[in-house]
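Visitor: I have a structure to go through and would like to discuss its architecture. Could you take me through it?

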Amino acid sequence: MPSPLLDVQSVSKRFGERVLFDDISFSIAEGQRVGLIAQNGTGKSTLLSMLTGNESADSGKIIYRNDITVGYLRQEPRFPKGATVLEACFHGMEEVLDAQLKAKQILTQLHITDMEQPVEHLSGGQQKRVALAQVLISNPTLLILDEPTNHLDLEMVEWLEGYLQRGNRSLLMVTHDRFFLDNVCSIILELDNKTMYSYQGSYSYYLEKRQQRIDATMANIQHANNLYRRELEWMRRQPQARGHKARYREEAFYELEKVAKQRIEERQIRLKSTNVYIGSKIFECQYVSKRFPARENSSLPGKLILNNFYYNFARYEKMGIVGNNGTGKSTFLKLLLGIIPPNEGRFDIGETVKFGYFSQEGLQFDEQQKVIDVVRDIAEYIDLGKGRHYSASQFLQHFLFTTDQQYNYVYKLSGGEKRKLYLCTVLMRNPNFLVLDEPTNDLDIKTLQILEEYLQDFPGCVIVVSHDRYFMDKVVDHLLVFKGEGVIKDFPGNYTQYRQWSKLQSKEDTEAKTKASNTKEKSAKSESDNNNRNNARRKMSFKEKREFTLLEKEIETLTKEKEAIETELSTATASVERITELSKRLPILNEELDMKELRWLELSEIEEA
């Protein structure tokens, strides 16, 4: 049996008094696609950093098979200063020429089209996509991916999903995207309570088996508690009274105490508020248009976001917004909130509406503050109605901040914990209309489940922009689909229903085109048969002979051009602009060749007759 690609043996890691994981072991064999799940702040990214040699373990061994290469996608990518997009993709690679075509194809799929621009001029999300392209292009033996779906729109996520499913790829990834986990990974590792658990199956299988593990653990704790109470009475007696007892009973008591004092952090309470009021008038989008002009000294045209768009938002509505990156989803939210003005039209907002806005750029804290003080500065408690209140501490605890974490300084939090704290500051203001722009980025799955429940029970209005398909299915009741250039479709359903409808529409369109093509072919065949019968009765005219000779030369010239284009496309030396130009020319050339060859065949039949 071949050795595993990666073998982690009894590894432990701690920072000061805080233990991240203790004596964990797992391995990854060739062809296995492994998903790693854990709460924010429990050491997922630290573990990946250890696996790639950027941090050391306190104890244990991390062993790689000698003949393998490892590709690592960080949460925060790093590139050589001044490098262009293509140079960043090939950084550290030896065989650059062989990978150029693949690089251009992958970058195009990830909507990076200007490959000669400096990578430092790109947004953070675009840089993450370049880093993802870099890792995929290098074609390593083992892929290690830290949140690969962050900053990808739904179309890109589905493309990456299909890419990773193909072939015998080996990968270890951290992701909160549950559909992605379910569709790509066949093994789930869960880092929980400093221990690693392994589940040989998809995410759906993991959920089932994890619950069985928790139920068994809770039953074991209950049994240990019953024994513990009896043994505690014995231990409390005077030492003289139990001096004759065996020493092993004392040792067994302390082991029993460890089990009895375990805690399974499984929440049973949903945070339902009845103290949120919103009037019948919410907002009306009155024929709004928004366009951005072309930038100076740029070859790119201006961008149309909204075109005379009308929409009347209903009470208690939960709307999802989806679409490719750059189609205007975040811009629409900023227009609604009055952050940027429209070119034409207006938003008429109801007087009772109180927005709570979670933005992609809003993560700003005093790093020297304690977590609890950040929330208390907003409110000491949140009124849930009917005499119920949640203090700032209880609210944080609901979103999985332990008491110790609440009294930690903000700078000690992980990136995901800071995002979670930012979310708590938005919700703690008790808004009646939530506007959430990519709230799922960097949040762990447990927090996502809590947020889903919160939004399902939320007695106000919600607009959410997210690429997380599972989250959207759980939360929204209809979609605005931004298709670009001001085209927006209102779809009455969740994301999965929209995708099913889209596939059905595509199928119907294909069938209609096939039917039309078959009708055209039958008509052309009938006409050709008539022409053949007529051609059999007559001779070629002087003009037709001249056309016949000319066609032979034209077909030869076009065929050579076609072969040259196909050769140039396959060599991967052309620029992106040249590839685009050749890709546009090739179908035109094929159509022209088809027409000339068909005419040549008609004339050749007359010649033979």
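Visitor: To begin with the open sheet: what is the order of its strands?

Guide: Please note that this is a predicted model. The open sheet has 6 strands in the order β5-β6-β7-β3-β8-β9, and the pairing is mixed.

Visitor: Which strands are at the edges?

Guide: The edge strands are β5 (70–73) and β9 (195–199), each of which pairs on one side only. From one strand to the next, the twist averages 15°.

Visitor: And β6 with β7: parallel or antiparallel?

Guide: Strands β6 (residues 142–146) and β7 (residues 170–174) run parallel, joined by 5 bridges. Within this pair, Asp-146 stands opposite Val-174 in β7.

Visitor: Which strands does helix α1 touch?

Guide: Helix α1 (residues 44–51) packs on the sheet and touches β3 (33–37), β5, β6, β7 and β9. The direction of α1 makes about 150° with that of β6. Helix α4 (residues 124–137) also packs on the sheet, where α4 touches β5 and β6. The direction of α4 makes about 170° with that of β5.

Visitor: Turning to helix against helix, at what angle do α3 and α5 pack?

Guide: Helix α3 (residues 100–109) and helix α5 (residues 154–165) pack at about 140°, and their axes are 10 Å apart. That angle makes α3 oblique to α5.

Visitor: Which residues make that contact?

Guide: From α3, the contact involves Lys-102, Ile-106 and Gln-109, while α5 contributes Met-156, Trp-159 and Tyr-163. By class, the contact has 4 nonpolar, 1 polar and 1 charged residues.

Visitor: A change of topic, to electrostatics. How many salt bridges does the structure hold?

Guide: The structure holds 17 salt bridges. One of them pairs Lys-13 with Glu-55, with the closest N and O atoms 3.9 Å apart. Lys-13 is in strand β1 (residues 6–15) and Glu-55 in the loop between α1 and β4 (59–64), so the pair links distant parts of the chain, 42 residues apart.

Visitor: Is Lys-13 buried or exposed, and why?

Guide: Lys-13 counts as buried because its relative accessibility is 7%, under the 20% cut-off.

Visitor: Now Lys-281: with which residue does Lys-281 form a salt bridge?

Guide: Lys-281 forms a salt bridge with Asp-348, and the closest N and O atoms are 2.8 Å apart. Here too the pair links distant parts of the chain: Lys-281 is in the loop between α8 (247–260) and β10 (283–292), Asp-348 in strand β13 (residues 344–349), and they are 67 residues apart. Lys-281 is partly exposed, with a relative accessible area of 44%, whereas Asp-348 is buried, with 16%.

Visitor: What about Glu-554, which residue is its salt-bridge partner?

Guide: Glu-554 pairs with Lys-596, the closest N and O atoms being 3.1 Å apart. At 27% relative accessibility, Glu-554 counts as partly exposed.

Definitions and conventions. Residues are numbered from 1 along each chain as its sequence is written. This is a predicted model: local features need pLDDT of at least 70, side-chain atom pairs count only at pLDDT 80 or more; totals for chains, interfaces and linings use all residues. Side-chain values use heavy atoms; hydrogens and water are left out. Axes are lines fitted to C-alpha atoms, for helices over the stretch in contact, and angles run from 0 to 180 degrees between N-to-C directions. Helices (H or I, at least four residues) and strands (E, at least two) are DSSP runs, numbered from the N terminus. Angles under 35 degrees count as roughly parallel, over 145 as roughly antiparallel, 65 to 115 as roughly perpendicular and the rest as oblique. Contact means heavy atoms within 4.5 Å. Ala, Val, Leu, Ile, Met, Phe, Trp, Tyr, Cys and Pro count as nonpolar, Asp, Glu, Lys and Arg as charged, and the others, Gly among them, as polar. Two strands pair if DSSP finds at least two bridges between them. A salt bridge is a side-chain nitrogen of Lys or Arg within 4 Å of a carboxyl oxygen of Asp or Glu. Buried means under 20% relative accessible area, exposed over 50%, partly exposed in between (1.4 Å probe, protein chains only).
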